[in-house]
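Hello,

I am passing a structure on to you, and my notes on it follow below. Please have a look at it first and then read on.

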Amino acid sequence: MDHPFKLKRVHHVEFFVGNARQSAFYYRKGFGFSQVAYSGLETGQRNRASYVMSQGKANFVLTTPMTKDDEAAEHIRKHGDGVKDIAFEVEDADQVFAEAVRRGAKPAVEPHDVTDEHGTIRRAAVHTYGDTIHSLISYKDYKGPFLPGFMSAPIAGDDCGILRIDHIVGNVELGKMQYWADYYANVFGFHRYITFDDKDISTEYSALMSIVMSDDSHSVQFPINEPALARNKSQIEEYIEAYGGPGAQHVALRCKDVLFTVGKLQQNGLDFLRVPDTYYAALPERVGPIEEPIDELRKLGILVDKDEEGYLLQIFTKPVEDRPTVFFEIIQRKGSRGFGKGNFKALFESIEMEQARRGNL
Ligand code: FE2
């Protein structure tokens with residue numbers, strides 16, 4: 001495998017949203033993020049307002065357009081609220097941009113300086129699936145609250161134990177999964193980590209195929225889904241119709257104590273997918289001994305899966321906007337580096353019930 005450059009981390013995920021001030025409140029009160037920085041009219045930014053939300057090492061930027069001509073306005077018209085940018089921190093944005101473009105990435109933003117009184121960063125961007133981009137950010141001498149142009153605007157959230165972003169899943173059109181898997185291999189030097197096909201994950205309706213692409217350190221993992229042919233509309237097709245094209249389907253947030261984290265999130269009023277109680281009756285036999293009391297997992301609706309390396313605990317929110325598009329996963333890993341294949345059937349049956357309620361099955 002050829003390694004053109006190293007991605008240090010996911011610097012942040014930027015969401016374009018209809019009302020960033022209210023979204024900031026939702027991520028603070030719902031998910032326990034703390035607001036750390038802001039840019040908008042008060043910082044001289046007249047076209048957009050952005051709120052930076054952090055918990056553990058996970059950073060979200062919530063951006064709303066303030067003029068009808070801003071690019072974010074068109075993005076929201078087309079997609080509703082959604083992920084615009086999965087931004088990477090890199091050693092040298094110019095070098096990574098040049099090499100990525102040489103390897104076939106479509107340029108989005110040419111490398112340029114961004115400066116304020118706290119210092120300077122270098123920033124560029126390349127396109128990925130749909131209207132989504134990857135910004136490439138390298139630090140020169142910047143020492144401010146987030147990035148140049150942002151002012152410190154702290155409002156503490158009630159931390160829910162979220163540590164970092166675990167993975168971000170992209171939904172692409174039928175027949176395009178391999179194309180985008182190749183893109184991450186060719187452009188970023190990722191390797192194919194796991195493949196799921198329709199034998200693993202088809203229910204009567206909701207068939208999908210997935211390839212997980214990962215960097216060497218597994219610090220950046222991007223599963224790519226495409227719909228598989230099934231009797232009726234796949235959840236991936238429902239997403240692509242509602243989103244108006246390919247895009248980020250879910251952001252998985254890793255935590256260290258899933259019972260604590262999910263307990264808090266449910267107290268906060270977040271809505272999660274549920275599986276039938278029969279799932280828990282079958283669980284001891286399926287996964288063997290685990291440390292968490294099954295009764296507590298059942299009460300919270302947390303799912304468990306096991307592989308050769310260990311096990312994982314996970315749960316999925318319902319979509320967090322009115323269009324059935326972006327949702328979140330909460331995941332705790334106890335040795336397993338998988339994605340919960342053993343839960344797909346129970347989970348997809350639950351998703352199909354929701355699709356049916358929406359008239360989309
Ligand atoms: Fe996931």
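A donor here is an N, O or S atom within 2.8 Å of the metal, or 3.2 Å for Na, K and Ca; water is not among the atoms, so sites may look incomplete. Please keep in mind, too, that this is a predicted model.

Let me start with the metal. The iron ion has as its protein donors His167 through NE2, His250 through NE2 and Glu329 through OE, at 2.0 to 2.2 Å. Along the sequence these donor residues follow the spacing H-x82-H-x78-E. Since His167 sits in strand β10 (residues 162-171) and Glu329 in strand β17 (residues 327-334), the pair ties together parts that are 162 residues apart in sequence. His167 and Glu329 are both buried.

Next, the largest pocket. Its volume is about 750 Å³, and 35 residues line it, with Glu14, Gln45, Arg48, Arg123 and Phe150 lying nearest the centre. Among the elements that give two or more residues to this lining are β1 (7-16), β3 (48-55), β4 (58-65) and β5 (82-90). The largest share, five residues, is from β6. Sorted by class, the lining holds 13 nonpolar, 13 polar and nine charged residues.

Buried means under 20% relative accessible area, and Phe15 counts as buried at 3% relative accessibility, as does Tyr27 at 5%.

Phe88 and Phe188 form an edge-to-face pair, 5.6 Å centre to centre and with 70° between the planes. Because Phe88 lies in strand β5 and Phe188 in helix α4 (residues 177-188), this pair ties together parts that are 100 residues apart in sequence. Both of these phenylalanines are buried. Phe88 and Phe188 also belong to one aromatic cluster, whose members include Phe5, Tyr129, Trp180 and Phe222.

Best wishes

Key:
Residues are numbered from 1 along each chain as its sequence is written. This is a predicted model: local features need pLDDT of at least 70, side-chain atom pairs count only at pLDDT 80 or more; totals for chains, interfaces and linings use all residues. Side-chain values use heavy atoms; hydrogens and water are left out. On a 1 Å grid over the protein atoms alone, a cavity is a set of points where a 1.4 Å probe fits but cannot get out, and a pocket is an open set with protein on both sides within 12 Å along at least five of seven lines; lining residues have an atom within 4 Å of a point. Grid points are joined across faces, edges and corners, and a volume is the space filled by probe spheres set on the points. Helices (H or I, at least four residues) and strands (E, at least two) are DSSP runs, numbered from the N terminus. Ala, Val, Leu, Ile, Met, Phe, Trp, Tyr, Cys and Pro count as nonpolar, Asp, Glu, Lys and Arg as charged, and the others, Gly among them, as polar. Buried means under 20% relative accessible area, exposed over 50%, partly exposed in between (1.4 Å probe, protein chains only). Rings of Phe, Tyr and Trp (its six-membered ring) pair if their centres lie within 6.5 Å; planes under 30 degrees apart count as stacked, over 60 as edge-to-face and the rest as tilted.
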